[in-house]
Amino acid sequence: MTNYLQVGKIVNTHGIRGEVRVQSTTNSPEERYAKGSELAIEVSKSEYIPVTVKSHRVHKSFDLLTFEEYSNINDVEKYKTKFLVVAEELLHELEENEYYANDLIGSEVVNEAEELLGELSDILFLPANDVWVVKRQGKKDLLLPNIKSVIRKVDLDNKVITVHVLEGLDADED
């Protein structure tokens, strides 16, 4: 069975010619959405519709895509709120200190004293930097910017992330 990774979310249509507005979660949209790229639309956790990128352009903070398979708004309207995914075997090797989000989600997050803070539950892809969401028991989620001074070490083999919580980041601190 093919494993898929999310690269964006279709948030709306754009125009009448089948263009979709995508909120990207990929670090390399130019490569991922290049003409001829093979993607899929995740219509359910077990159903994927393959699509081929026909065109890509950037408009405001969104990526606008058309697909070879669809040529008008009526064809793509039903995919609003659906995720765009790529087959795992089509991914390229990452550089050192680069990670795919799905490899990180579910990792234990510990501080530098190796005290468990919680579990990485989500990654918010924001313009300035990504923000890692740590779900904690009995406390508010901890939001950590993905910057070197905060994210100290990522151990993918053991699914453990070591962080330094800067003053002011923990809303539950006294």
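1. Let's start with the largest nonpolar core, which has 18 residues; L39, L65, F67 and L84 are the ones that touch the most other members. Bear in mind that this is a predicted model.

2. Where does this core draw its residues from? Six strands each put in at least two: β1 (4-14), β2 (19-24), β3 (38-44), β4 (47-59), β5 (62-67) and β6 (83-87). The largest share, 3 residues, belongs to β1.

3. If you set aside neighbours within four places in sequence, what does F67 contact? The list runs V20, I41, V51, T52, V53, K54 and L84.

4. Now the backbone. K60 isn't a glycine, yet its phi is positive, near 55°. You'll find K60 in the loop between β4 and β5. Buried or exposed? K60 is exposed, at a relative accessible area of 74%.

5. T81 is worth a look too: another non-glycine, with a positive phi of about 80°. T81 sits in the loop that runs between α2 (73-76) and β6. With a relative accessible area of 51%, T81 counts as exposed, the cut-off being over 50%.

Definitions and conventions:
Residues numbered from 1 in each chain as written. Predicted model: local features only at pLDDT ≥ 70, side-chain atom pairs only at ≥ 80, totals over all residues. Heavy atoms only, no water. Core = buried A, V, L, I, M, F, W, Y, C linked by side-chain atoms within 4.5 Å. Buried < 20%, exposed > 50% of the residue type's maximum accessible area, 1.4 Å probe, protein only. Helix = DSSP H or I, 4+ residues; strand = E, 2+ residues; numbered from the N terminus. Contact = heavy atoms within 4.5 Å.
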